[in-house]
Amino acid sequence: MCGITGFINSHADQTADALRPAILAMTEALAHRGPDDAGYWIDPAQAIALGHRRLAILDLSPEGHQPMHSASGRFVMVYNGEIFNYRTIRDELIQRGYSFRGGSDTEVMLAAFEEWGVMAVPRFIGMFALALVDRQSQVVHLIRDRLGIKPLYYGWVEGGFVFGSEIKPLRRHPGWNAAISRDALASYFQYNYISAPHSIYQGIYKLPPGCVLTLPLTEKLHREGFSPYPHDPQAPCCPTAYWSVQDFFLHGANRPFAGNPEEAADELEALLADAVSLRMLSDRPIGAFLSGGIDSSLIVALMQRASSQPVRTFTIGFEEGYYNEAQYAQEVASHLGTDHTTMMVTPQDALDSIPLLPQFYDEPFADSSQVPSYLLCKETRQFVTVALSGDGGDEIFAGYNRYRFLPKIWQTVRWMPYSARRALSWPLMNMPRAQCEAAAQWLGRWVPPLRSRNASDSVTQTGQVMAAADLYQAHDWINATWQGPLPVRGGTPASTLVSYLYQRQGNLPKEGLRMMLLKDQLQCLPEDMLTKVDRASMGVSLEVRVPLIDHRVVEFAATLPPALLFEGGNGKAPLRRLVHRYVPASILDRPKQGFQLPVARWLSTSLRDWGETLLDAGTIQAQGYLDPKPIRRQWEEHIQGKRDWTKTLWAALMFQAWLEKNE
């Protein structure tokens, strides 16, 4: 696991001495992602430079140093991630006459590019973001893994083109002049994250998952004629997809898995056992996160099955009992026989970590579970360098309540005239907290889970569904955070990758479960879940691997019909059936808790002074990005206990904290 960066200046034939300070500064900005080694490469003739920070996991020797050259010298590469099947590829290349000086996956990748060109990428099983310079063809390829596990930013600055694992190194380029994008900021307030292909800065983009962007080195790079959307027919230069999850959803709709639930579990077990086994390869200490839930318990069970020694597992526990799931993790660990560590975290530990978040998330990011995620990674890093995680199970196998009940709610209300639904939606979305509980109980007559969920969220989301024109919009609004007009001045939400694909591809599912799963795998998974995991882990130099997002597992899950995903009325049925082969249902079956802290209460107590400072109306007014009136109204209502505005206030607080840190 590493950090990469680089640039292509507009004017060639610059000296190495002239280019070196910029690439050194950019590379140093990624030291947290790779504390073990640093390197750079400069080609003055093309005015291109590559930088790399290394967290050594495979082949700890100097033979794994990057930037690395292919044997012939044709390719030069910097790379962040791991290719888990590199030994199989290496064996095939040896049979084809290649030899290797070291044991790194980087060297194998370069040999694969020598043999098959850029189309070697579909052979890779792993997580990766890389920059590959082809000195013979005089192009540079930026490539990102299929699901977007590893990040890759790129764009234009004054006098050149820049790229990197994070935005931090891009800001170190001497030509940096990017301004905050108000449209991206509006997108952030809509979802609590900024959706690809945009970033918080104008002219700086995220490479979409499963894509390659190829740029020439023989001519000046222009922003004109470029589009950040894949296969944009209006743009001569744009990313191209080598893999797309929507293709597998279409294939799965036409040829769904035809077996019974037990056969589905068998198929999944074979795929996931291999995915886990591959991800246990490491030359550094390795362990796993264990929450005691279905996903992490299954990953740990498969690790333990593949290991001759007790697997190291880690859980953080909280002093506040309602949020403490450490006891459940301990039960699973005891049953599986792991070497388990519970690390207790105090409320003060969590509070102390919050001001640090803007330095890890160099874009505004407001999923409040980023706090316990960071604490778990920080504590785990004391013992191991690599950890496997159960992230992704909900998005891949329909684990969230919305997958089960949003279509049901929609079917219940869609018969009403749209004008009537709109009229009824407003009071539901603006109901005081004191009335939400009664409303949730009443609505729960038709949708029972509403009675057991957060009453405010339940009532608000029901109002959102009633106000929607169709299920696609209802799902979008359920995922959205801010209710009503966004507080951003002069910005409207930027078009997301999801909206672009749905406008461009008329054959994508527009109703039901498949539509919701596809949208979440294209957007929520990479922009929220995987962003949270990457920044929290790399902020403390910990590599986290996610077997449930092995692309082969994702492709299989896309073929499963709703009846198999919801066997017995619960989501993630194939995962449940499989994990019960290793851990009894009596240990695992309990209501889903989630990875959360009592942020709502803290905003009214321990974090109140911090919040008051960041949300000062005069400061917000002077900055000019936000309208302070709706934010202050929500803040006052929240601290007075009238309504729970945690999600929207957290978005405002994280933006203000980010702005204070970065601008």
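Which residue in β7 stands opposite Leu132? It is His141. Hold that pair in mind while I set the terms.

This is a predicted model, in which local features need pLDDT of at least 70, side-chain atom pairs count only at pLDDT 80 or more, and totals for chains, interfaces and linings use all residues. Residues are numbered from 1 along each chain as its sequence is written, and side-chain values use heavy atoms, with hydrogens and water left out.

Helices (H or I, at least four residues) and strands (E, at least two) are DSSP runs, numbered from the N terminus. Two strands pair if DSSP finds at least two bridges between them.

Now the sheet. Six strands form an open sheet in the order β4-β5-β6-β7-β11-β12, and the pairing is antiparallel. At the edges stand β4 (68–69) and β12 (240–241), each with a single partner strand, so one side of each has no neighbour in the sheet. Helix α3 (residues 105–116) packs on this sheet and touches β4, β5 (75–83), β6 and β7. Contact here means heavy atoms within 4.5 Å. The direction of α3 makes about 125° with that of β5. Axes are lines fitted to C-alpha atoms, for helices over the stretch in contact, and angles run from 0 to 180 degrees between N-to-C directions.

Back to the opening pair. Strand β6 (residues 126–134) and strand β7 (residues 139–144) are antiparallel and joined by six bridges. Gln138 is in the loop between β6 and β7. Its phi is near 55°, positive in a residue other than glycine. Most residues other than glycine have a negative phi, and most peptide bonds are trans. Gln138 is partly exposed, at 31% relative accessible area. The classes are buried under 20%, exposed over 50%, and partly exposed in between, with a 1.4 Å probe and protein chains only.

Asn192 is another case. Its phi is about 80°, positive although it is not a glycine. Asn192 lies in the loop between α5 and β10, and at 10% relative accessible area it is buried.

Two cis peptide bonds next. One runs from Gln66 to Pro67, with omega near 0°. Pro67 sits in the loop between β3 (48–54) and β4. The other runs from Ala196 to Pro197, with omega near 10°. Pro197 is in the loop between α5 (182–191) and β10 (204–206).

On to the cores. A nonpolar core is a set of buried Ala, Val, Leu, Ile, Met, Phe, Trp, Tyr and Cys residues joined through side-chain atoms within 4.5 Å. The largest has 111 residues, and Phe113, Phe124, Phe128, Leu272 and Phe397 have the most contacts inside it. Helix α20 (residues 512–538) gives the largest share, nine residues. Another core, of 79 residues, lies apart from it, with Val162, Ile316, Ala366 and Leu653 among them. Not counting residues up to four places away in sequence, Phe113 touches several residues, including Phe75, Phe124, Leu132 and Ile143.

Is Asn9 buried or exposed? At 15% relative accessibility, Asn9 counts as buried. Asn9 is in strand β1 (residues 2–9). Its side chain makes a polar contact with the side chain of His173, at 3.2 Å. A polar contact is a pair of N or O atoms within 3.5 Å; within protein, one must be able to donate a hydrogen and the other to accept it, and residues adjacent in sequence count only if both atoms are side-chain atoms.

Last, Pro236. It lies in the loop between β11 (211–216) and β12, and is exposed at 76% relative accessible area.
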